[in-house]
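Visitor: I would like to go through this model with you, one question at a time.

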Amino acid sequence: MLSKRCLSAIPADVRITLLTDFGTRDGYTGAMKGVISSIAPDAIIDDIAHDIDAGDVRAGAWALGAYWHRYPEGTVHIAVVDPGVGSARRALVARLDGRYVVAPDNGLITLALDDASDVAIREIPAPSADAAPTFHGRDVFAPIAAHLAAGTAFDHLGSLINDPLVIVFPTNSHSESGIAGSVIHVDRFGNIVTSIRPDTPANAVIRVADVTIPIGRTYSDAEPGTLIAVTGSRGYLEISLRDGNASRALGMKLGDEVILDTPT
Amino acid sequence: MLSKRCLSAIPADVRITLLTDFGTRDGYTGAMKGVISSIAPDAIIDDIAHDIDAGDVRAGAWALGAYWHRYPEGTVHIAVVDPGVGSARRALVARLDGRYVVAPDNGLITLALDDASDVAIREIPAPSADAAPTFHGRDVFAPIAAHLAAGTAFDHLGSLINDPLVIVFPTNSHSESGIAGSVIHVDRFGNIVTSIRPDTPANAVIRVADVTIPIGRTYSDAEPGTLIAVTGSRGYLEISLRDGNASRALGMKLGDEVILDTPT
Amino acid sequence: MLSKRCLSAIPADVRITLLTDFGTRDGYTGAMKGVISSIAPDAIIDDIAHDIDAGDVRAGAWALGAYWHRYPEGTVHIAVVDPGVGSARRALVARLDGRYVVAPDNGLITLALDDASDVAIREIPAPSADAAPTFHGRDVFAPIAAHLAAGTAFDHLGSLINDPLVIVFPTNSHSESGIAGSVIHVDRFGNIVTSIRPDTPANAVIRVADVTIPIGRTYSDAEPGTLIAVTGSRGYLEISLRDGNASRALGMKLGDEVILDTPT
């Protein structure tokens, strides 16, 4: 009886997630986790990625877009890819559909912002003099996130702003026979993610340079060693090489053109 | 008093472990963790590995064999190396000696199965139409694992099967003077793990191609720069190069022959 | 009412951190985590790094120095970079300012020791016969750490020692016009960390070989593509290349000389 009442009174531990370009071998992320657990001892810290290419804000924004909304409300996401650390660039804490994102104001939150309906963004006040100008991950973002997790109200964390810096991702145009888009991401498997997010007609194909690629439902619809285009898990058309690396095979990279061709 | 009773009524948080070939930089594992924590907010999620070579089911099976039974009963292990995602391949949830393994039916559970005494395996029902055919890690395996962790009974998770797909690992044969086996794994250190799991006679040696290697107890029994064979932490004989990489030095790879030679 | 009293009676879960050179793809760290959670089911396990270069004790010591004291008292840090595993090298559990470090006695704790005021070190008794001589991470360090986390008193864990093995990091000398130091670490970004920890005079510069580098406050004080020296997050002067990799650009490595030049 008593125990039941107790149990129900215990809130689930808040989760804090961590995405950085710090790698792990220098102990930088360890320092962030230590700071967090000193302020919010019960917080569960989920590593997302620490191997974003150094300084690649666009790649960080892409990854953040994959998971921020999959977590329950109340989750605090830290994202630190921050080549401008210590400069005049602002630092943000955003509340997006009930989740929080703590990040530098350099475009990292672009895709999370795109997907959110209920948005509030605050500028984190300038760090105190003893914050290391080279490591706001440890001295600014981790403490803010931990205080949020420990119960500090979002409304107390700085002034509202409405002009966060966003990255302009490529848009598509209409070509003669379909849609012209471009490569917006290449994943670990070499899958080439395009900007095209179609309700794809049944007889459409993908064309890149002089290669024509059929559209299927999943990777293994292709014969081993052949190319296929499928709608990926975030709704974008992506080009895949069965049991291989499409990006290497096609020599394709960010920004390259991709045509969705719909014969009439 | 009260507090004591409360404390004892609080069960330990269930753990869910994650092994994939997804890497981390695309946010795929973050999406899985988000799904898990939305369904089972108190679950502790332990990363095991996300750098299994893309599509290398055998390597995933090897790694899973290292830890599944070290965790306490009730743990839910997710293993996703799944080149056939979205195809007709089945998805499984297995109960092995009180731990659970959620994985595609492609051989990933082979070595865990080998080691388990009490085995029950169920086929996870086909995913709903809104599951992405390219990402069952997020839309099938993570939710099933989270529901298990949150208290759904194993018996409610699908129909029993008794024919999971297993990988045939190489077996040994008797040679003139001992045992002929082969390389079944190469680890991060370049240690060459063989299929030989002997009660090794004191005067035995290992032979590979034209090299003879003494058998010792641990790596540092060898002089720096020299080769030694030891019984590794999973009971298999492995070949090691003190302060170096045996696999590179010997040019050995999966499947290469290894002889345990017992002079009479 | 009741629930409040219950809540306050529930201690924060103890955290155990893990630093190794095991990588993750072999399942070795999974085995350690399984052992920990079997003994201490509520412990939160934070990965710090598993990609320390194989056998690089110095690099492990450097990383450990970044985070051990950022965690709250009671945290148990496991550090295993252990080329001498299974040999006569001792194993240690240290209490440093209220945190614990469990590690082989090979210098891994050097920098943590340097920073601690309140120090006690115990030698972990020799492992039992069934401990794998090649994997004390799983069979010695993980269980000791888990027992500490689960409440075993530090004083019961072996005999006090006062002669831990320490690594001698380079010291600085006075040159004609300033301080002569050397490279003690290169981080993921290619930042070159030096042994110089100065109260730097305003007009000082850094010289390496025939290159003169200005001193600034943070990375982005330099123009893109140019070099700058800043005081890093651990108080050492480090050399950085804006939007690039200083270590590669300068061809500098551990031990190379660096001069802090203070024109008079």
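Visitor: With which side chain does the side chain of C:H185 make a polar contact?
Guide: This is a predicted model, in which local features need pLDDT of at least 70 and side-chain atom pairs count only at pLDDT 80 or more, while totals for chains, interfaces and linings use all residues. Side-chain values use heavy atoms, with hydrogens and water left out. A polar contact is a pair of N or O atoms within 3.5 Å (within protein, one must be able to donate a hydrogen and the other to accept it, and residues adjacent in sequence count only if both atoms are side-chain atoms). At 3.3 Å, the partner of C:H185 is the side chain of C:W62.

Visitor: Is C:H185 buried or exposed?
Guide: Buried means under 20% relative accessible area, exposed over 50%, and partly exposed in between (1.4 Å probe, protein chains only). Because its relative accessible area is 2%, C:H185 is buried.

Visitor: Which residue of chain A is in contact with C:H185?
Guide: Contact means heavy atoms within 4.5 Å. Leaving aside neighbours within four places in sequence, C:H185 is in contact with C:R58, C:W62, C:N191, C:I192, C:V193 and C:L254, and also with A:D26.

Visitor: How many residue pairs are in polar contact across the interface of chain B and chain C?
Guide: The contact takes 37 residues from chain B and 45 residues from chain C. Across this interface, with both residues at pLDDT 80 or more, the number of pairs in polar contact is 14.

Notes. Residues numbered from 1 in each chain as written. Chains lettered and ligands numbered in written order.
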